[in-house]
Amino acid sequence: MEKRVAHNSLFISFEGIDGCGKSTQLLKAARFFRDNGFEVVETKEPGGTMIGKHLRSLLLEEGAKIQRSEVLMFMLDRSEHVRQVIMPALKQGKIVLCDRFIDSTLAYQHDYSFEILDALNEFATGGLKPDLTLYFDVPLEVALHRRRQRSETDKIESRSNFYMETVLARYLKASIRDPQRIKIIPAQQSIDQVTKAMEAQLRGLIASGL
Ligand SMILES: Nc1ncnc2c1ncn2[C@@H]1O[C@H](COP(=O)(O)OP(=O)(O)O)[C@@H](O)[C@H]1O
Ligand SMILES: [Mg+2]
């Protein structure tokens with residue numbers, strides 16, 4: 001495990017494709033920690049800072065058209081997010097729960113090698129990595145089905161299945177490469193079952209001497 005920023009602090013990222021259940025489980029994790037007496041900060045990328053919010057709308061407008069710039073905009077957002085939100089909270093001994101972080105870049109910006117993206121991530125974060133990353137693993141069809149039920153059809157990006165299968169493959173590759181940090185949570189089961197699997201990981205972390 002990475003060296004903690006401060007005693008009691010914990011940095012956990014939530015990863016997976018849209019519709020896998022990240023936001024649902026992040027809320028449950030926040031409740032779990034609060035019930036256990038911890039202070040929790042919930043945040044997300046992109047858009048966890050003012051600059052991030054502007055970038056988010058810029059990305060939605062311009063996004064995919066300008067790939068290198070898109071990567072760099074995510075990095076700018078990440079750098080500011082770490083500086084303004086994540087590090088201050090960790091230094092105060094809080095638990096930071098972050099919806100998407102470095103692994104989203106590895107998965108989605110898959111025109112670029114892990115080598116390049118690792119270097120950019122390291123530069124943007126100053127080397128900060130999550131203590132734990134929960135990767136919610138679902139097949140593409142399940143995620144699409146859930147998103148349709150969430151009735152967000154108009155917001156659903158029209159990314160091809162081929163693109164999304166590559167995203168899933170990259171998430172898997174990142175998880176296999178870094179099994180200490182990234183825990184794969186099978187997320188096809190019911191919300192309660194997924195929460196149980198997640199809480200087992202969280203209890204493990206607390207037991208390991210948070
Ligand atoms: N395990 C699950 N089984 C069935 N539906 C789920 C499950 N987890 C989440 N959902 C539902 O699927 C939709 C997408 O979940 P959400 O947490 O918003 O995913 P994400 O944040 O990863 O895009 C929501 O409507 C949510 O209620
Ligand atoms: Mg979400």
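An oxygen atom of ligand 1 lies 2.9 Å from a polar backbone atom of Lys-22. This is a polar contact, meaning a pair of N or O atoms within 3.5 Å; within protein, one atom must be able to donate a hydrogen and the other to accept it, and residues adjacent in sequence count only if both atoms are side-chain atoms. The model is predicted, and for that reason local features need pLDDT of at least 70 and side-chain atom pairs count only at pLDDT 80 or more, while totals for chains, interfaces and linings use all residues. Residues are numbered from 1 along each chain as its sequence is written, chains are lettered from A and ligands numbered from 1 in the order in which they are written, and side-chain values use heavy atoms, with hydrogens and water left out.

## The surroundings of ligand 1

Two further polar contacts of ligand 1 can be described. A polar backbone atom of Cys-20 is 3.4 Å from an oxygen atom of the ligand, and a nitrogen atom of ligand 1 is 2.8 Å from a backbone N or O atom of Gln-189. Ligand 1 taken alone exposes 560 Å², of which the protein buries 77%. Such accessible areas come from the Shrake-Rupley method with a 1.4 Å probe; for residues, only the protein chains shown count as cover.

Which residues come nearest to ligand 1? Among the 15 residues around the ligand, these are Gly-19, Ser-23, Thr-24, Arg-150 and Gln-189. A residue is counted as near when one of its heavy atoms lies within 4 Å of the molecule or strand in question. By class, this shell has five nonpolar, six polar and four charged residues. Here Ala, Val, Leu, Ile, Met, Phe, Trp, Tyr, Cys and Pro count as nonpolar, Asp, Glu, Lys and Arg as charged, and the others, Gly among them, as polar.

Helix H1 (22-35) and helix H8 (191-207) each supply at least two residues of the shell. H1 gives the most, with three residues. Helices (H or I, at least four residues) and strands (E, at least two) are DSSP runs, numbered from the N terminus.

## Salt bridges

The structure holds nine salt bridges. A salt bridge is a side-chain nitrogen of Lys or Arg within 4 Å of a carboxyl oxygen of Asp or Glu. Three of them are listed below.

| Pair | Closest N to O distance |
|---|---|
| Glu-80 and Arg-83 | 2.7 Å |
| Asp-118 and Arg-177 | 2.7 Å |

Lys-22 is buried, with a relative accessible area of 5%, whereas Asp-18 is partly exposed at 26%.

Where do Glu-80 and Arg-83 lie? Both belong to helix H3 (residues 67-91), and because they are three residues apart there, about one helical turn separates them. Glu-80 is buried, at 14% relative accessibility, while Arg-83 is exposed, with a relative accessible area of 55%.

Asp-118 and Arg-177 form a salt bridge. This pair links distant parts of the chain, since Asp-118 is in helix H5 (residues 114-125) and Arg-177 is in helix H7, 59 residues apart. Asp-118 is partly exposed, with a relative accessible area of 27%, and Arg-177 is also partly exposed, with 42%. Elsewhere, salt bridges that share partners join Asp-18, Lys-22 and Arg-100 into one network.

## Backbone features in two loops

Arg-100 has a positive phi of about 75 degrees although it is not a glycine. Arg-100 is placed in the loop between strand E3 (95-99) and helix H4 (102-108), and its relative accessible area of 12% makes it buried.

A cis peptide bond joins Glu-45 and Pro-46, with an omega of about -10 degrees.

## A surface patch and a buried strand residue

Leu-172, Ile-176 and Ile-184 form a nonpolar patch on the surface, with about 270 Å² of accessible area together. Patches are made of residues with over 30% relative accessible area and no salt bridge; like charges are joined within 9 Å, and nonpolar side chains (Val, Leu, Ile, Met, Phe, Trp, Tyr) within 5 Å. Leu-172 is found in helix H7 (residues 161-177) and is partly exposed, with a relative accessible area of 36%.

Glu-15, by contrast, is buried, with a relative accessible area of 0%. Glu-15 is found in strand E1 (residues 10-15). Glu-15 and Arg-181 are 166 residues apart in sequence and 12 Å apart in space, C-alpha to C-alpha.

Methods
Buried means under 20% relative accessible area, exposed over 50%, partly exposed in between (1.4 Å probe, protein chains only).
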